[in-house]
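Dear colleague,

I am handing over the structure we spoke about, and would be glad if you could look through it with the notes below beside you.

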Amino acid sequence: MVGLCPQCGEDVPGGGGCPRCHAPEPRWRVTPHSLRSVLVGFLEWFFMALGGAMCLLVAYAFCHDWIGPGLGQRILQVVLGVVVVGVGLPVGLMLLWSSFAGRFVRTWTHPTSEGRSASATTRFGRLLAANGAGRAIRAPLDVPANALTGLEAFAHYGVLRRAIPARYGLANSPPRVDVALMAALLALAGRRRVQLRVTSALSWSHDGKAVTRNEWAEGVEVRRTDALVAGTSVDPVEAVLLGALATPDARVFSQEGPLPYRAAAAAEPDAEAPWARLPQVIFAIAGGDARFRRGLRAEFTAAIEGSAPLRTSESVADELVATLEAAGDRTFGATIVRQVEQGFAMRDPVPSV
């Protein structure tokens, strides 16, 4: 059995999930051998065993009949004997060992995310090499409480675009609506109304001793953590986001035995809402309409005219920069903006005629 996580290559203790990426317990399967691979393997074993036996026989025959008539020939035979024994014996033993150990080599496979798979090779139950690719899901980001609103970010877009340096991971000229949605997500996460987490794509390889990984941010996932209606948010940008997210399920269960007269049923703790990829959330908002971002822009502009006085541009910019830094991921801002842009670019599949 292979004790590696197929998603990230981490060593997994027997009977448990991955301690690094929290993937479920791995279930590696031995790759079945085809008739062709069995035939090729048998031929390799046969010729390696034959070669090893021949090397050992040559070394034995030379040492057995090495006595010659003269002193010079004897010295030459001794030198050649040392060479033959020193080369033929190790080579023969190595070939015999390879032919024997090759019968105990196993190839394993394990499916990972999005149709990919990991593979591993073992001999006598010991890992020789392995490699794979998958998705790593990080823990939810601890976004600090902040005073951001999506409407403020929309109103002060010109200053925000110039005030936030590239080192904070934000693109130079993201669309105005996208910046407002990013600020609204950070505000909701700061008030613990939603959770945000970053998913990473990674590839890994294992040489039997240590694992090497290449990991890069792939996307952002979001989920609701409260069951309040979307209209309870005073910020229209937040209301648009909350309206596209599923709320946690609140169920009611009956206690054992009859309830007292007029007694209320006890409520079960709220279940967790499912995680949703941010582009899918934006697609649910826009409905695949290429003009929807323009409609949101007009809606937010009208909301600014009827809103209370907003904070200054500098305070909003400082708040956004500080929140992005405190999130602990330098590329988080750029990842959110790219994901929002991808969501607006998504279209419904065209039905085939």
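**Charges over rings**

In this predicted model, Arg 197 lies over the face of Trp 275, with 4.0 Å to the ring centre.

**The aromatic pair**

Phe 154 also belongs to the 1 aromatic pair that the structure holds. Its partner is Phe 300, and because the ring planes stand at 80 degrees, with the centres 5.6 Å apart, the pair is classed as edge-to-face. The two residues are 146 positions apart and so link distant parts of the chain, Phe 154 being in helix α3 (residues 150-155) and Phe 300 in helix α8 (residues 292-305). Phe 154 is buried, at 0% relative accessible area, and Phe 300 is likewise buried, at 0%.

**Nonpolar cores**

The largest nonpolar core comprises 51 residues, and Leu 278 and Phe 332 are those with the most contacts inside it. Helix α5 (residues 176-190) is the element that gives the most to this core, contributing 12 residues. If residues up to four places away in sequence are set aside, Leu 278 touches Leu 185, Val 220, Glu 221, Val 222, Ile 336, Gln 339 and Val 340. Another core, of 17 residues, lies apart from the largest one, and includes Cys 8, Ala 120, Ala 136 and Trp 204.

**Cysteines**

How many disulfides does a search of the whole structure find? The search finds 0.

Thr 199 is located in strand β5 (residues 194-206) and is buried, at 3% relative accessibility. Leaving out residues up to four places away in sequence, the contacts of Thr 199 are Arg 135, Ala 136, Ile 137, Ala 217, Glu 218, Gly 219, Val 220 and Glu 221. Ala 136, one of these contacts, is also among the residues of the 17-residue core, while Val 220 and Glu 221 are touched by Leu 278 too.

In the loop between α5 and β5 is Arg 192, which has a positive phi of about 65 degrees although it is not a glycine. Arg 192 is partly exposed, with a relative accessible area of 45%.

With best wishes

Definitions and conventions:
Residues numbered from 1 in each chain as written. Predicted model: local features only at pLDDT ≥ 70, side-chain atom pairs only at ≥ 80, totals over all residues. Heavy atoms only, no water. Disulfide = S-S within 2.5 Å. Helix = DSSP H or I, 4+ residues; strand = E, 2+ residues; numbered from the N terminus. Buried < 20%, exposed > 50% of the residue type's maximum accessible area, 1.4 Å probe, protein only. Contact = heavy atoms within 4.5 Å. Core = buried A, V, L, I, M, F, W, Y, C linked by side-chain atoms within 4.5 Å. Phe/Tyr/Trp six-rings, centres within 6.5 Å; stacked < 30°, edge-to-face > 60°. Lys NZ or Arg CZ within 6 Å of the ring centre and 35° of its normal.
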